[in-house]
Amino acid sequence: MPPRKRTDTASLVAKGAKIGEPVPKAIVDTNTAAVGIPRQPDYDPREEISALRKQMEALGQQISDAAQSVKGGARQAARQTEATVKLYPVSSLLVAAAVAGAFAFAIAGLRSSTPRSRYDRALDEVRDLYDRIRDRL
């Protein structure tokens, strides 16, 4: 099949189209067989900035309210803890000691395991592989 010649470029040149000019996007309406560029709404950046400022103020207020709620909850927890320690000093001391002991045992358990090098792990894997092969034979 021979290549088609483009005749539309010739018509653009004849109509006075210039290279580099922006080509507007048009809408093709298949119901009315009309082609055209719809009217664009006027853009006012001041209105958009004003709306964004209002949204930022609302978000700031929500964050402030959430922070106050957290502060109130922390204060209430501190008061309750203080009252519990005053009412039950020995039990509170035992609970604190138990928690500290649990942390100490956890940390000691992590440090007591000997660190193994990559060489030792690779050697163990080769030994396991050798044992598996020997069991099959």
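Hi everyone, let me start with confidence: in this protein it is lowest in helix H1 (residues 8–15), at a mean of 48, and highest in H2, at 91. The score here is pLDDT, the predictor's confidence in each residue, from 0 to 100. This is a predicted model, in which local features need pLDDT of at least 70 and side-chain atom pairs count only at pLDDT 80 or more, while totals for chains, interfaces and linings use all residues. Residues are numbered from 1 along each chain as its sequence is written, and side-chain values use heavy atoms, with hydrogens and water left out.

Across the protein, the mean pLDDT is 79, and 73% of the residues reach 70 or more. Please be careful with residues 1–14, where pLDDT stays under 50. For that stretch the model has one contact beyond four places in sequence, a contact being heavy atoms within 4.5 Å.

Now the layout. The protein has four helices and two strands, and along the sequence they run α-β-β-α-α-α. These are DSSP runs numbered from the N terminus, with helices (H or I) of at least four residues and strands (E) of at least two.

How much of the protein is buried? Buried residues make up 1% of the 137 residues. For the cut-offs, buried is under 20% relative accessible area, exposed is over 50%, and partly exposed is in between, with a 1.4 Å probe and protein chains only. The protein exposes about 13,600 Å², and carbon and sulfur atoms supply 61% of that. Those areas come from the Shrake-Rupley method with a 1.4 Å probe; for residues, only the protein chains shown count as cover.

Next, the annotated segment. An unreviewed UniProt entry marks residues 87–110 as "transmembrane region"; such annotations may be inferred rather than shown by experiment, and the positions follow the numbering used here, with feature names shortened. In the model that span is 96% helix and 0% strand, and its end C-alpha atoms lie 36 Å apart.

Helix H3 (residues 89–112) holds Val95, which is exposed at a relative accessible area of 54%. Val95, Val99 and Phe103 form a nonpolar surface patch, with about 300 Å² of accessible area together. Patch residues have over 30% relative accessible area and no salt bridge; nonpolar side chains (Val, Leu, Ile, Met, Phe, Trp, Tyr) are joined within 5 Å, like charges within 9 Å.

On to charge pairs. Side chains of opposite charge can pair when their charged atoms come close. Counting a side-chain nitrogen of Lys or Arg within 4 Å of a carboxyl oxygen of Asp or Glu, we get four salt bridges.

Let me take the helical ones. In H2 (residues 45–87), Lys86 and Glu82 are four residues apart, so about one helical turn separates them. Their side chains meet in a salt bridge at 3.4 Å, N to O. Lys86 is exposed at 64%, whereas Glu82 is partly exposed at 44%.

Which residue does Arg134 pair with? Its partner is Asp131, at 2.9 Å, N to O.

Another bridge joins Asp44 and Arg46, with the closest N and O atoms 3.4 Å apart. Here Asp44 is partly exposed at 24% relative accessibility, while Arg46 is exposed at 65%.

Thanks, and I am happy to take questions!
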